[in-house]
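Please look first at the sequence and the fold shown here, and then read on. The report that follows goes through sheets, cores, single residues and the surroundings of the ligand.

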Amino acid sequence: MLKKNVHKTICSYCGVGCGILVEKDAKGVISVEGDPDYPVNKGMLCSKGKNLNYVAQDLSDRILYPEMRWSRNHPMQRVSWDTAIDRAAAVFKSIIEKHGPDSVGFYVSGQCLTEEYYLVNKLTKGFIGTNNIDTNSRLCMSSAVVGYKKTVGEDAVPISYDDIELSDCFLIAGANPAWCHPILFRRIEMHKEKNPNVKIIVVDPRKTQTCASADLHLQILPGTDVILFNAIARWLIEKKKIDKSFIKKHTANFDACKESAFQLSIRQAADLCGISADDIRKAAQYIGNAKAFISMWTMGLNQSVIGVSKNVSLMNLSLLTGQIGKPGAGPFSLTGQPNAMGGREVGGMASLLAAHRDLGNPHHRKEIEEFWGGKPIKSEPGLTATEMFDALDSGKLKAIWVICTNPIVSMPNAHKVEKALEKASFVVVQDISHNSETTKYADLVLPAAGWLEKDGTMTNSERRISYLPKVIDAPGEALPDAEILWKFAQKMGFTGFGYNNVSEVYDEHCLLTKGTEIDISGLSHQRLIKEGSFQWPVPHNTHKGTPRLFSDRRFFTNDHKSHFNAPHKIYNQSEKTSPEFPLILTTGRVRDQWHTRTKTGKVKRLLTHIPEPYLEINKVDAYLRQLKDGDVAIIKSIRGQVQVKVKVNFDIRERVVFLPMHWGKVLNNDFGRANNITNDLVDPVSKEPDFKYCAVEVVKY
Ligand code: SF4
């Protein structure tokens, strides 16, 4: 039984989604600890989660009231909510009238609650009449979404965290969960400590903290993942370490996978990957001999110009070995943000429709149109994240509404994004913090309520839906994002936005899922509060949730089989290195910072780990450039430059360098912003940017 002043909630950072107990004392001071009864983390929290109370109580950077400027020549001034919403509606109406609905767009976040995501999607696709609603999940999970759809028929993570303790082989590719999904990785470590025979294979051009627990580290050249996974597939097929019965009964397109896998010999693949053929064989042997095999991946595969090919070639390994839909087995994408999956459930991206329906399917569109009672929904996908900023630059898009994300720091080729926002006719930024550099480009700033200041739901990486209660009042005049959105929709004259609370929004979303593969019509806020979290689907109100999908071997494809896919591209299609830019830059996260540091950057304790941006560079490359550990270097690409200190080691491959992605303006300049130099090439299908590969040179400052 919880004390009256203790509330159960969920961490607002990564997709692991740890349970937190929040205690508010008599003076209103907040403290946090891991929830021992929550199935995800069983009381554990990482450094970021443990310090959330500081973030929640430090109001120094908070946006407290709406601010607006009448033109770019006028200063920002405080205005009332009525004036702010009137102005937003008037400008949007006038732009839409003049240039059509596709001249406006919304760019939102995987940190939004599901109800907020649902509303912005309904507002945009159903009432404004454009599909220009995309999210920063485009930068994170969209390649995995396409991979799942191609393989199992829907964007559906098959397994549960509890499968970790049932597995005896993990392939962790393009991920550093020891730093980026720490509590989940702790569960893997504890499992291995108890069961030393458990094998961990790590695929990464860097020797990260995750490698400390690995039995095998495949330190491949960036961009060669598909070649590696195909070589493993080849070995499994040649050595007959495949599940023939599963393949025959429950899969389609095996020949396409085989043909792709046999294009290169294992020796040729090893040479291209820059590792030994024996190591490829060893990895394949671990997988082939495993009783239960899990593949885990994140941005190293997703953030790539061939991200979809990387995803499907990895998923092929689970199908070849029949390691899906059974205890301890399956492909398992690690979600970066806390509610990226919730956002996908409501169709909160330019290419998706509510409740996993297809935008291109006329019946699906009709169902949603009738349910919402709004405008006809367009069949063509709207502008994706990078396309939105290109369209602002070209003048095709006139107005953008940015919610809970900081594209000035997080988008690739950031100078281009700055230029695009300068050109926009109207920019709305809805956020909690002035620390977001994007607020500087806003014509209208709307103060949003943050974590603990509003209620709603989120879905973590294992399809677990949890309720987050309101515990404290938002400061100043800040409002919950959902309320801001429905006030705007009402002002635009749209019917169907007369909500009294977010619980009503959630009920609408749940009803829309009825009869679909993600049916959660058995859920409501009341049930989540009373009974705790559930993994979807939850199709009726006594259903207990679904920890594992596909146990019945019935997949979500039309023929109910899982589908092998030949990767569209085997060879990397990234920007080419050259004598002028001979090194490959890859970007990523550090342990104690989150995204663009608007929250974690405020916590002194979190700065003790890594206080400033840096460049990781191999000793050989550093020596050739006369760089010593701690020297300042200039890192240049064709798009711009960055100046940071170097960390010299042998942990990163030669000819590869690494920059953390978190830092924006440092010392009032943008010298630490990694995205000054990244490129905005995207995967042609998922439209996810190629953050893990661009051509750079490093010189001593
Ligand atoms: Fe929060 Fe992720 Fe850390 Fe858990 S692992 S406490 S969800 S940041």
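A residue is called buried here if 20 or more other C-beta atoms lie within 10 Å of its own, exposed if 12 or fewer do, and partly exposed in between, with C-beta atoms placed from the backbone. This is a predicted model, in which local features need pLDDT of at least 70 and side-chain atom pairs count only at pLDDT 80 or more, while totals for chains, interfaces and linings use all residues. Residues are numbered from 1 along each chain as its sequence is written.

**Two buried residues**

Aspartate 102 counts as buried because it has 20 C-beta neighbours inside 10 Å. Aspartate 102 lies in the loop between α3 (81-99) and β6, where helices (H or I, at least four residues) and strands (E, at least two) are DSSP runs numbered from the N terminus. Two residues are in contact if their C-beta atoms, placed from the backbone, lie within 7 Å; not counting residues up to four places away in sequence, aspartate 102 touches Thr130 and Asn132.

Cysteine 180, which has its place in helix α6 (residues 177-180), is buried because 26 other C-beta atoms lie within 10 Å. Leaving aside neighbours within four places in sequence, cysteine 180 is in contact with Cys14, Ala175, Thr298 and Arg589.

For each of these two residues, the table gives a C-alpha to C-alpha distance to another residue of the chain.

| Residue | Other residue | Separation in sequence | C-alpha distance |
|---|---|---|---|
| Aspartate 102 | Methionine 68 | 34 residues | 24 Å |
| Cysteine 180 | Aspartate 162 | 18 residues | 19 Å |

**An enclosed strand and its partners**

Five of the five residues of strand β14 (residues 399-403) are buried, so β14 is largely enclosed by the rest of the structure. Both faces of β14 are covered, with Ala399, Trp401 and Ile403 buried on one side and Ile400 and Val402 buried on the other. In a regular strand the side chains alternate between the two faces of the sheet.

Two strands are said to pair if DSSP finds at least two bridges between them. Strand β6 (residues 104-108) runs parallel to β14 and is joined to it by four bridges, and the bridge partner of glycine 105 in β14 is isoleucine 400. Strand β15 (residues 426-431) also runs parallel to β14, and five bridges join these two strands; here alanine 399 stands opposite phenylalanine 426 in β15.

**An open sheet and a barrel**

Three strands form an open sheet in the order β1-β2-β3, with antiparallel pairing. The edge strands, each pairing on one side only, are β1 (6-10) and β3 (30-34). Neighbouring strands of this sheet are turned by 30° against each other on average, direction ignored, where axes are lines fitted to C-alpha atoms, for helices over the stretch in contact, and angles run from 0 to 180 degrees between N-to-C directions. Strand β2 (residues 19-24) pairs with β3 in the antiparallel sense over five bridges, and valine 22 has valine 32 as its bridge partner in β3.

Six strands close into a barrel in the order β21-β25-β22-β24-β23-β26, and their pairing is mixed. In this sheet, neighbouring strands are turned by 45° against each other on average, direction ignored.

**Nonpolar cores**

A nonpolar core is a set of buried Ala, Val, Leu, Ile, Met, Phe, Trp, Tyr and Cys residues joined through C-beta atoms within 7 Å. The largest such core has 196 residues, and those with the most contacts inside it are Ile201, Leu228, Ile232, Ile280, Ile287 and Ile400. Helix α8 (residues 225-238) gives the most to this core, with nine residues. Isoleucine 280, not counting residues up to four places away in sequence, touches Leu228, Ala231, Ile232, Trp235, Ile266, Ala269, Ala270 and Ile275. A second, separate core of 27 residues includes Val642, Val648, Leu659 and Met661.

**Around the ligand**

The ligand is surrounded by 14 residues, of which the closest are Cys11, Cys14, Cys18, Cys46 and Gly49; a residue is near a molecule or strand if its C-beta atom, placed from the backbone, lies within 6 Å of it. Helices α1 (47-50) and α7 (182-194) each supply at least two residues of this shell.
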